[in-house]
Amino acid sequence: MIDEVLSFLDSNGERALADLKKIAGIPSIAAKNEGIEECSEMVLGMLEDINLEAALHATSGSPVVTGLYDAGASRTLMFYNHYDVQPAEPLELWKSPPFEPDERDGRIYGRGVADNKGDLVTRIWAIKAFLETGKKIPVNVKFVVEGEEEIGSVNLQDFTSKNEEFLKADGGIWEFGGSDYDGVQQAWLGLKGIFYVQLEVEKLSRNVHSSMGGILPSAPQKLVDALNSLKGPDNQILIDGFYDGIQPLSEAEWEAIDKIDLHEEDMKEEYGISQFQNGLTGRNLKEAVYGAPSSSICGLTSGYQGEGSMTVLPGNASAKVDFRLVENMNPLDVREKLRKHLDAHGFTDVKIAWSEGYAAAKTPIDHPFVDVVRRANDKVFGDLRVHPTSSGSGPLYLFKDHVPMVSVGVGDVESRSHSPNESIKLENFFKGMDRIALIVDEMGRW
Ligand SMILES: [Zn+2]
């Protein structure tokens, strides 16, 4: 029976591609609040078109679009996607207009085709294939398609907190994914959390002549000292209790990680470095990627940075710092520990001006749904490398108590998400639909 579904997809690839072109033609840029209404309506229409009970849920920002198909089945499959995209700037670097999707050399180019309208369309069409071939969909299907992922899913919690029942499912497919340098498909089971903070120091009522530097306090010096106190030379974070409660990577996770090639030499070349921090390599490097929190200074502002010299003692200074969190870390707790650390080390005058963040989340690597995805992937793409978590962050924590998520998708290493000339391989787009149809099929027999 699934063969008919797959052959339908095989002969209707161009129709699916036409849908991708249509939706990728809408500049739905959450950061500029452009095209959001139009795109959310289009998603609503696409979900209605595959017979889902679809709805728009207003939030304080972009609406969340949901779809539900109740097959009366024992298992429920969820899809999480987003219909917003990153801004397309700098426009002059695009070889074809970002919002006029263009096929070239076996790829389709356009803002959002990789992140993540291509994935959304493959998922909708996989369901459509069951309908149009008159085959019973063997699972209940839910879609959650938000419109603010690219600006931090700022209002998604509005929706999730009011719709906890809807979030319940036996397995879910998260928004992104793709193949690696060597063409092998990758799956991610989690996302790191994040705590982002702005630190500010004000020492003087105004900027003054730097000849006063011998007698007046320096805001940037104080800030730099405070930042220095956060990390040791070995890159360990020195905030008291920062690592408390973190679980080491499990044996099953290591087994999966050992199969992953991080392509250290390619990465070094890409980033223009001769070695990673502290000479990390092999398993140590992998542990830093998959199992450890990190902290980075994302911005530093103070004094004069223009051409030539300006002898000034800045009155204030500020820094933006992020902490990437692993499971069992809580951003509010990190904030508290950071405040305590600053106070205990003589930095009571370093102010936490604002902060935001959310926790990490991951699906256990031995969850049976991971195998459902693996079996489906095997039939289409072959091998699947499973990453216990991505080093990136996202709103997975809002779902984690309700549905185990696995992230697979149609991108590849040349997809250039968030950059000019974003694209996906057509082959991956077509095969991506098959994989979703097979996940539905496999899940029906789980
Ligand atoms: Zn993105």
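The structure is a predicted model, in which local features need pLDDT of at least 70 and side-chain atom pairs count only at pLDDT 80 or more, while totals for chains, interfaces and linings use all residues. Residue numbers start from 1 along each chain as its sequence is written.

Along the principal axes, the C-alpha atoms fill a box of roughly 85 × 45 × 45 Å. Buried residues account for 45% of the 446 residues, where buried means that 20 or more other C-beta atoms lie within 10 Å of a residue's own, exposed means 12 or fewer, and partly exposed is in between, with C-beta atoms placed from the backbone. Of the contacts between residues at least 6 apart in sequence, 79% join residues at least 24 apart; a contact requires C-beta atoms, placed from the backbone, to lie within 7 Å.

Two domains divide the chain: domain 1 (2–189 + 363–444) and domain 2 (192–248 + 291–358), with bounds from an automatic or database domain assignment. Their C-alpha centres lie 37 Å apart. Across the boundary, 6 residues of domain 1 are in contact with 5 residues of domain 2. The side of domain 1 that touches domain 2 has 2 nonpolar, 4 polar and no charged residues (Ala, Val, Leu, Ile, Met, Phe, Trp, Tyr, Cys and Pro count as nonpolar, Asp, Glu, Lys and Arg as charged, and the others, Gly among them, as polar).

Turning to the strands, an open sheet of 3 strands has the order β4-β5-β20 with antiparallel pairing; two strands pair if DSSP finds at least two bridges between them. β4 (102–104) and β20 (423–425) are the edge strands, each with a single partner, so one side of each has no neighbour in the sheet. From one strand to the next, the twist averages 25°. β5 (residues 107–109) pairs with β20 over 3 bridges, and isoleucine 108 stands opposite isoleucine 424 in β20. Helix α4 (residues 113–132) lies across β5 and β20 at about 50° to β20, whereas helix α12 (residues 426–444) touches β5 and β20 with its direction at about 70° to that of β20. These angles run from 0 to 180 degrees between N-to-C directions, with axes fitted to C-alpha atoms, for helices over the stretch in contact.

Strand β14 (residues 316–325) pairs in the antiparallel sense with β10 (residues 190–202) over 10 bridges, and tyrosine 196 has aspartate 322 in β14 as its bridge partner. β12 (residues 294–302) also runs antiparallel to β14, joined by 8 bridges; here isoleucine 297 is partnered with valine 321.

Alanine 360, in the loop between β15 (350–358) and β16 (361–362), is buried because 24 other C-beta atoms lie within 10 Å. Alanine 360 and glycine 193 are 167 residues apart in sequence, yet 3.7 Å apart in space, C-alpha to C-alpha. Glycine 13, in helix α2 (residues 13–24), counts as partly exposed, with 17 C-beta neighbours inside 10 Å.

How values were computed. Helices (H or I, at least four residues) and strands (E, at least two) are DSSP runs, numbered from the N terminus. Two residues are in contact if their C-beta atoms, placed from the backbone, lie within 7 Å.
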